[in-house]
Amino acid sequence: MRIVDKVKRKKWMIQALAQASLAEKTSLTKGFLNKKQFYPTKKVQADITNLIYCMLCPNMCRFECPVVETSKIETHSPAIKSRIAYYLEMNLLDKSAETLQPLFEGCLHCSACKAWCPFDFAVGDLLEDVTVDLFQNLKKYPQKLQDFTIRIQTNNGLYQKEQLKKATKLLHALPKEGELYYFPGCVTMRNHPEVIEGIIQIAKKAGVKLVSLTDEHVCCGAPSLYLGDQEKAKELAKHNKELFKKSKAKAILCECPECAYTLKEKYPELGSKVKLPVLHVVEWLWDLFEKEKLSFRFSNKKIEKILESGPISYHDPCVLSRKLHIYDQTYCLLATIFQEQFKEITYSKEQTHCCGFGGLVNIANHQLADAIATKRLAEFQDEGIQTIITSCPTCLYGFQKNNPELTFELFDLVEIVSKLMDD
Ligand code: SF4
Ligand code: SF4
């Protein structure tokens, strides 16, 4: 954000201070001079200064927060979560499953609050550092999150190897050394092997040599970071960095936005900076399209079936649009494929609304995740959309789970492109 914009956003604070009474100004000055009393005595990971700013803010971003907008529970609103986090850091609240629950079930880490924040905060980012401090008392976490932590630590990922058989079989067909390292996300491996199949097919037809070290594959570490399990995240990052090196690949391909974001932005903080370019699949497809390596067959029968089902739109995954700023290429591709049948809905691109399955909400409170997904699907229904395409395995999973009447046709962008390339 430009400095001019930052000053503009903070103008209201200058005006508010100018209007304060002498007593209020004196009290503010005293507080400022004795500010040490508002900080923990021992060193913590949390950004206490920014938590204080956030907890004292009028909290207007609450109207953009999909969690509090759905649950109507005040402890889910952004500034109140910051307040709970601050009180926990200051030992002014007991650390118990009940106190910690709103921090985990109440934040999708979707960054919607950032769009309206005068300080440019995303509460999800502030909470990530807080959970590193809280993780020292893992036994005080809600039971479901303790179990989830053990699950990741045991499996080096979200699932057991037996649950990933189909995906593993597909990936075994790839060589161990090559040009582009394919890093599949845990949710794709478990729930969407058709996406893996699609990526392999597209690469084959475009003449790209994909590589994967499937037997040694582990999670990217994003869920461990949400839990505050920094040690596990560091271990996973180090392992993955070594795999990339071993493969001799020139770039890394992720179909999960969360994996791409973690590899790009979080690995340097974890001491495992990846020097290779990390591409989300949308960037890869766009690059192939521009180089004329994606040749579409518009008469394809499977696509005709999708076209018959009515208006088609796209759900922007929060991490892809708001954290990685990838959307223009997607809309160009979809408009090229579906032409006038493609319709961009009101809440799109950086103004997208979360699917409900971000962060650990689905683990901490799956009913709430389902309610948020249902709300997002209703937005598509209100705009007369019958087919929704997305580019995130978790969004796709959340929507599939909450589409019991099969109101919508749901696809990953990879499936669409690979169908178009069918003979
Ligand atoms: S995220 Fe920004 S706008 Fe929202 S409550 Fe915190 S400081 Fe205020
Ligand atoms: S990151 Fe998303 S879910 Fe979390 S407080 Fe901000 S708007 Fe709400």
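This report walks through a predicted model, from its domains to its sheets, helix contacts and ligands.

## How to read the model

Residues are numbered from 1 along each chain as its sequence is written, while chains are lettered from A and ligands numbered from 1 in the order in which they are written. In this predicted model, local features need pLDDT of at least 70 and side-chain atom pairs count only at pLDDT 80 or more, whereas totals for chains, interfaces and linings use all residues.

## Three domains

Let us start with the overall layout. The chain falls into domain 1 (39–141), domain 2 (157–288) and domain 3 (297–420), with bounds that come from an automatic or database domain assignment. Between the C-alpha centres of domain 2 and domain 3 there are 22 Å.

These two domains touch: 25 residues of domain 2 are in contact with 23 residues of domain 3 (contact is when C-beta atoms, placed from the backbone, lie within 7 Å). On the domain 2 side, the elements giving two or more residues are α10 (186–191), α11 (193–206), α12 (222–227), α14 (257–266) and α15 (281–290). Helices here are DSSP runs of H or I with at least four residues, strands are E runs of at least two, and both are numbered from the N terminus. Helix α11 supplies the largest share of that side, six residues. By class, the domain 2 side has 14 nonpolar, seven polar and four charged residues (Ala, Val, Leu, Ile, Met, Phe, Trp, Tyr, Cys and Pro count as nonpolar, Asp, Glu, Lys and Arg as charged, and the others, Gly among them, as polar).

One open sheet has four strands in the order β2-β1-β3-β4, with parallel pairing; strands pair if DSSP finds at least two bridges between them. Its edges are β2 (210–211) and β4 (278–280), each with a single partner strand, so one side of each has no neighbour in the sheet. Strands β1 (residues 180–183) and β3 (residues 251–254) run parallel and are joined by four bridges. You can find Leu180 opposite Ala251 in β3.

Helix α14 lies across β1, β3 and β4, and runs at about 160° to β4. Axes are lines fitted to C-alpha atoms, for helices over the stretch in contact, and angles run from 0 to 180 degrees between N-to-C directions.

Lys166, Ala167, Leu170 and Leu171 of α9 meet Pro193, Ile196, Glu197 and Ile200 of α11. This contact of α9 with α11 has six nonpolar, no polar and two charged residues.

## A three-stranded sheet and a crossing pair

Another open sheet has three strands, ordered β5-β6-β7 and paired in parallel. Here β5 (312–315) and β7 (409–412) are at the edges with a single partner strand each, so one side of each is without a neighbour in the sheet. From one strand to the next, the twist averages 25°. Strand β6 (residues 387–390) pairs with β7 over four bridges, and Ile389 has Phe411 in β7 as its bridge partner.

Helix α20 (residues 366–382) packs with helix α21 (residues 393–401) at about 90°, their axes 9 Å apart, and the helices α20 and α21 are therefore roughly perpendicular. The contact joins Ala369, Asp370, Ala373 and Leu377 of α20 to Gly398, Phe399 and Lys401 of α21. Its residues divide into four nonpolar, one polar and two charged.

## Around the two ligands

Ligand 1 is surrounded by 14 residues, with Cys54, Cys57, Cys61, Ala79 and Cys117 the closest (a residue is near a molecule if its C-beta atom, placed from the backbone, lies within 6 Å of it). Two or more residues of this shell come from each of α3 (48–55) and α5 (78–89), and α5 gives the largest share, three residues. The shell around ligand 1 has 12 nonpolar, two polar and no charged residues.

Ligand 2 has 15 residues around it, of which Cys65, Cys107, Cys113, Val123 and Gly124 come nearest. The elements α4 (66–71) and α7 (123–134) give two or more residues to this shell. By class, the shell around ligand 2 has 11 nonpolar, three polar and one charged residues.

Key. Parallel < 35°, antiparallel > 145°, perpendicular 65-115°, else oblique.
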